[in-house]
Amino acid sequence: MNAEKLLEKMHGLKSIFDEKESELTGLDREIGDGDHGVNMKRGFSAVNDKVSAGSTQDILKQTGMTLMSSIGGASGPLYGFSFVKMSEVAKEEIDGENLLEMLEVFDRTVAEKGKVEGGEKTMYDVISKSADLLRDKGSLSLEDLQQLAEETKDMIATKGRAAYFKEQSKGTIDPGAQSAVYIIHALGEGVEND
């Protein structure tokens, strides 16, 4: 994936989050404060408006800075900082091997900044397993990523606002895990790991 294709994908997330706003808001109403859909839509609308052509590193860094300044709550800094960190390892042509490296950076950044680990019903439950998915299957299909988000349904939240719901948080997909599905799919679509 070259810089032109990456920019197209980052801009394309605007229409994904326009379309998924009500779905994410619905999930977040169940176990949060109901603003995740609005936040993600706002963030990627800003990416569409502000992120311009450059190298793959420039595009990822611009995306990260834009998300940090336009999404509130925990998601903006976590996604934003992760994109900035991924920009530091991205190559001019992102292939499967480089994507794996980027996903490992994504994993480490969210774990460190969010102070999370697997099984806590957060975006991390999708992000942390995406590199393994790419290694095992050779690609990142929407169906496989969605399965990771589905697995958060049976988890009890122990982080963030959802943790206040304790046992009642069971039965709902974590909204952050769901938004991570769309972001990782955009990063990985068309990039194969041979």
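Buried here means under 20% relative accessible area. By that cut-off F17 is buried, and so is Y182. The model is predicted. UniProt, in an unreviewed entry, places a "domain: DhaL" feature at residues 4-189. Over residues 4-189 the chain is 68% helix and 0% strand.

**Nonpolar core**

- In soluble globular proteins, nonpolar side chains tend to be buried together.
- In this model the largest nonpolar core has 52 residues.
- Eight helices each supply at least two residues of this core: α1 (3-31), α2 (36-50), α3 (56-70), α4 (75-87), α5 (96-114), α6 (124-137), α7 (142-150) and α8 (175-188).
- The residues with the most contacts inside the core are Y79, F106, V126, I183 and L187.

**Aromatic pairs**

- How many aromatic pairs does the structure hold? There are four.
- A pair of aromatic rings is described by the distance of the centres and the angle of the planes.
- For F17 and Y182, the ring centres are 5.9 Å apart and the planes stand at 80°, so the pair is edge-to-face.
- This pair links distant parts of the chain. F17 is in helix α1 and Y182 is in helix α8, 165 residues apart.
- For F83 and F106, the ring centres are 6.5 Å apart and the planes stand at 50°, so this pair is tilted.
- F83 lies in helix α4 and F106 in helix α5, so the pair ties together parts 23 residues apart in sequence.
- F83 is buried, and F106 is buried as well.
- Ring pairs also link F17, F44 and Y182 into a cluster.
- A charged side chain meets a ring elsewhere: K113 lies over the face of F81, 4.4 Å from the ring centre.

**S179, a buried serine in α8**

- S179 lies in helix α8. Its relative accessible area is 0%, so S179 is buried.
- The side chain of S179 makes a polar contact with the side chain of H36 at 2.8 Å.
- A polar atom of the S179 side chain also lies 3.1 Å from the backbone oxygen of G176.
- Leaving aside neighbours within four places in sequence, S179 is in contact with F17, L24, H36, M40 and Y79.
- S179 and L99 are 80 residues apart along the chain, and their C-alpha atoms are separated by 19 Å.

**S70, a buried serine in α3**

- S70 sits in helix α3.
- Is S70 buried or exposed? Its relative accessibility is 11%, so S70 counts as buried.
- The S70 side chain reaches the backbone oxygen of T66 at 2.6 Å.
- Beyond neighbours within four places in sequence, S70 is in contact with R42, G43 and A46.

**Two lysines with positive phi**

- K115 lies in the loop between α5 and α6. K121 lies in the loop between α5 and α6 too.
- K115 is not a glycine, yet its phi is positive, near 50°.
- K121 is not a glycine either, and has a positive phi of about 65°.
- K121 has a relative accessibility of 1%, so K121 counts as buried.

**The segment after α8**

- E189 is in the segment after α8.
- E189 has a relative accessible area of 43%, so E189 is partly exposed.
- E189 and V51 are 138 residues apart in sequence. In space they are 20 Å apart, C-alpha to C-alpha.

Notes
Residues are numbered from 1 along each chain as its sequence is written. This is a predicted model: local features need pLDDT of at least 70, side-chain atom pairs count only at pLDDT 80 or more; totals for chains, interfaces and linings use all residues. Side-chain values use heavy atoms; hydrogens and water are left out. A nonpolar core is a set of buried Ala, Val, Leu, Ile, Met, Phe, Trp, Tyr and Cys residues joined through side-chain atoms within 4.5 Å. Buried means under 20% relative accessible area, exposed over 50%, partly exposed in between (1.4 Å probe, protein chains only). Helices (H or I, at least four residues) and strands (E, at least two) are DSSP runs, numbered from the N terminus. A polar contact is a pair of N or O atoms within 3.5 Å; within protein, one must be able to donate a hydrogen and the other to accept it, and residues adjacent in sequence count only if both atoms are side-chain atoms. Contact means heavy atoms within 4.5 Å. Rings of Phe, Tyr and Trp (its six-membered ring) pair if their centres lie within 6.5 Å; planes under 30 degrees apart count as stacked, over 60 as edge-to-face and the rest as tilted. A charge sits over a ring if NZ of Lys or CZ of Arg is within 6 Å of the ring centre and within 35 degrees of the ring normal. UniProt positions are given in the numbering used here, feature names are shortened, and annotations may be inferred rather than shown by experiment.
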